[in-house]
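Please report on the aromatic pairs of this model.

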Amino acid sequence: GTLGLNDRRRAEFDPMCSKGPGLKTYHITVFALSQKVDLPPDRASRATLLEAIEGKVLAEGTFDFQYERAGN
């Protein structure tokens, strides 16, 4: 795999952050590709990634889950 930039513009894991009260639904999608994608991390966004992998996806799977922050 290749480490890209997260939403804080850092090349590191950035866990999801539940903002505000209530149950939140998250979706994590993993793609199996037929070839390496040439996309510089500083240009990577959801839109540019999906465009770059078009025609290279062998399989994909999505994990959906819900999370609610516990009250203090």
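## Aromatic pairs

There are two aromatic pairs in the structure. This is a predicted model: local features need pLDDT of at least 70, side-chain atom pairs need 80 or more, and totals for chains, interfaces and linings use all residues. Numbering starts from 1 along each chain as its sequence is written, and side-chain values use heavy atoms, without hydrogens and water.

Rings of Phe, Tyr and Trp (its six-membered ring) pair if their centres lie within 6.5 Å; planes under 30 degrees apart are stacked, over 60 edge-to-face, the rest tilted.

| Pair | Centre to centre | Angle between planes | Class |
|---|---|---|---|
| Tyr26 and Phe65 | 5.5 Å | 25° | stacked |
| Phe63 and Phe65 | 5.2 Å | 25° | stacked |

Tyr26 sits in strand β1 (residues 24-33) and Phe65 in strand β2, so their pair ties together parts 39 residues apart in sequence. Strands are DSSP runs of E, at least two residues; helices are runs of H or I, at least four; both are numbered from the N terminus.

Ring pairs join Tyr26, Phe63 and Phe65 into a cluster. Buried means under 20% relative accessible area, exposed over 50%, partly exposed in between (1.4 Å probe, protein chains only). Tyr26 is buried at 15%. Phe65 is partly exposed at 23%. Phe63 is exposed at 52%.

## Lys56

Lys56 lies in the loop between α1 (46-53) and β2 (57-67). The side chain of Lys56 reaches the backbone oxygen of Ala52 at 3.1 Å. Leaving out residues up to four places away in sequence, Lys56 touches Ala32, Leu33, Ser34, Gln35 and Val37, where contact means heavy atoms within 4.5 Å.

Terms used
Polar contact = N/O pair within 3.5 Å; in protein donor to acceptor, adjacent residues only side chain to side chain.
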